[in-house]
Amino acid sequence: MAPSSSAISNIVGAPLQLVWFLSDVAAETPTPILFLIFVSLVGLAFGLIYIVLHVVAPKPRLPYPSEKTYITTNPDGTISKPRPLPCWYDRWHAESRLKEGQSSSSSSNAQQSYPTMPAGFPVPDFGTVEPAEVEISVVIPAYNEADRLIPTLEEMVAYLDENFGRPVTSGTGTNSRPTSKGTGTPKPHRNVFKDASAHKRQNPPTGYEILLINDGSTDATVSVALDFARHHQLHDILRIITLEKNRGKGGGVTHGLRHVRGEYAVFADADGASRFSDLGKLIEGCEDVVDGSNRGVAIGSRAHLVGSEAVVRRSAIRNFLMRSFHFVLMILTPPATSRIRDTQCGFKLFSRAALPHIVPYMHTEGWIFDIEMLMLAESAPATPVLASDGSVIGTSYGIKVAEVPVAWHEVDGSKMNLVKDSVKMAIGLAVLRASWMLGVYRRRLA
């Protein structure tokens, strides 16, 4: 039965009647009371948003005991028993908790590191990070990557062997000093790291490690990686960490970065879409932007490929969603992050000193974790700017990020659902930004 004309007119007229009623009430209400009502409504809205964010904002789970171990191959070709995984984060977290409230001790340490620094000058506490044992750590998040992993590992190992050499322990302990031994001659980098006394090393680290984060794979990812390690004699160099439950790419990368031993830490996608030999460019980019505390980040960028065949031959819907996401990103992220042209390339490098200002405060474990990393870098505490003679000449807020063009190509087999995950990323970005703005997420120790 169709609704009568009078019923339709009542439905249409109800909102207008409500508006007229509210306008009459407003006209009769004193301005101070209207202002109080408005402020109360705004406060109520923010309170409701704050409560909702506490419910929906991602919260990373704690690692299981087995996730703090790794397996590798033995020299005789067998698979090792689970071994304890070195973890700079655990020590840093414990010592940071002990130092909470001890500002005088922190100031004293800063004064020793920078003798010319004025009293009370802001400086981050980086002294609790364990010294690097190798020069470069590579983190590979992997979920069902058995079919795409081998070409990526082959490219990585060839480059790392030639440019860094392999670490060979001189003793039987896990902390034995590595010495360089590789298929090629390790090439020196520019080494423009600041020579502050806190960072002077009598024996600089050499060699590399690869941490494969098996994110709950159900295929043969682990066995393929072990076979590769056995065939290429990557004993205790290729380390496999298995997560009991799938955490997502961001969770896998964050877990891996908590356990790196390198002076540099880089994560790279398992599909090998980014050319790994561009790692040298990332290192140079990082060294160009490091601050007085040796904090720096360099990220691979595909922005220079816009308009190239690799991008043009993508589907129209994919290119539209890409541009839409970058528009949303530009609106919702803080200034420095919003100016980055490619935040999602899976090829990012961090200096060791930058890790404690980013990794401990990560919350997002999905596709947009890269953005949270960049936002955390931008909001990192201030550090001194040093002159060539080591004297303090200013302050640098945040960790600088170098965006470095890298070679890239499309690889089949992506786990990303284009439309569904794009919508999730946009919603996740809004939740992420609101959570940091309203204090749901903070730089605090859990």
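Which residues of α6 are buried? They are T221, V224, A225, L226, F228 and A229. Buried means under 20% relative accessible area, exposed means over 50%, and partly exposed lies in between (1.4 Å probe, protein chains only). The points below start from the whole chain and come back to this helix.

1. **Basis.** This is a predicted model: local features need pLDDT of at least 70, side-chain atom pairs count only at pLDDT 80 or more, and totals for chains, interfaces and linings use all residues. Residues are numbered from 1 along each chain as its sequence is written, and side-chain values use heavy atoms, with hydrogens and water left out.

2. **Overall.** The protein chain has 13 helices and 13 strands. Helices (H or I, at least four residues) and strands (E, at least two) are DSSP runs, numbered from the N terminus. Of its 446 residues, 46% count as buried. Take the contacts in the chain with a separation of 6 or more: residues 24 or more positions apart account for 78% of them. Contact means heavy atoms within 4.5 Å.

3. **The sheet.** Seven strands form an open sheet. Their order is β7-β6-β3-β8-β10-β9-β13, with mixed pairing. Two strands pair if DSSP finds at least two bridges between them. β7 (238–242) and β13 (401–405) stand at the edges with a single partner strand each, so one side of each has no neighbour in the sheet. From one strand to the next, the twist averages 20°. Strands of a sheet pair through backbone hydrogen bonds, either parallel or antiparallel.

4. **Two pairings.** β6 and β7 run parallel, joined by five bridges. Here N214 has T242 in β7 as its bridge partner. β9 (residues 297–301) and β10 (residues 347–351) run antiparallel, joined by three bridges. V297 stands opposite F350 in β10.

5. α6 (residues 221–231) lies across β3 (134–142), β6 (208–214) and β7. The helix runs at about 165° to β7. Axes are lines fitted to C-alpha atoms, for helices over the stretch in contact, and angles run from 0 to 180 degrees between N-to-C directions. The cover over the buried residues of α6 includes β3, α5 (149–163), β6 and β7. Four of the five residues of β7 are buried, so this strand is largely enclosed by the rest of the structure.

6. **Salt bridges around R239.** A search of the whole structure finds 19 salt bridges. A salt bridge is a side-chain nitrogen of Lys or Arg within 4 Å of a carboxyl oxygen of Asp or Glu. D236 forms one with R239, the closest N and O atoms being 3.1 Å apart. D236 is partly exposed, at 24% relative accessible area. R239 is buried, at 4%. R83, D236 and R239 are linked in a network of salt bridges.

7. D342 forms a salt bridge with R302, with the closest N and O atoms 2.8 Å apart. D342 lies in the loop between α11 (335–338) and β10, and R302 in the loop between β9 and α9 (309–312), so the pair ties together parts 40 residues apart in sequence. D342 is buried, with a relative accessible area of 5%. K348 forms a salt bridge with D370, at 2.9 Å between the closest N and O atoms. K348 lies in strand β10 and D370 in helix α12 (residues 369–378), so this pair ties together parts 22 residues apart in sequence. Both K348 and D370 are buried.

8. Most residues other than glycine have a negative phi. N144 is found in the loop between β3 and α5 and is partly exposed, at 22% relative accessibility. Phi of N294 is positive too, near 65°. N294 sits in the loop between α8 (279–289) and β9 and is buried, with a relative accessible area of 5%.
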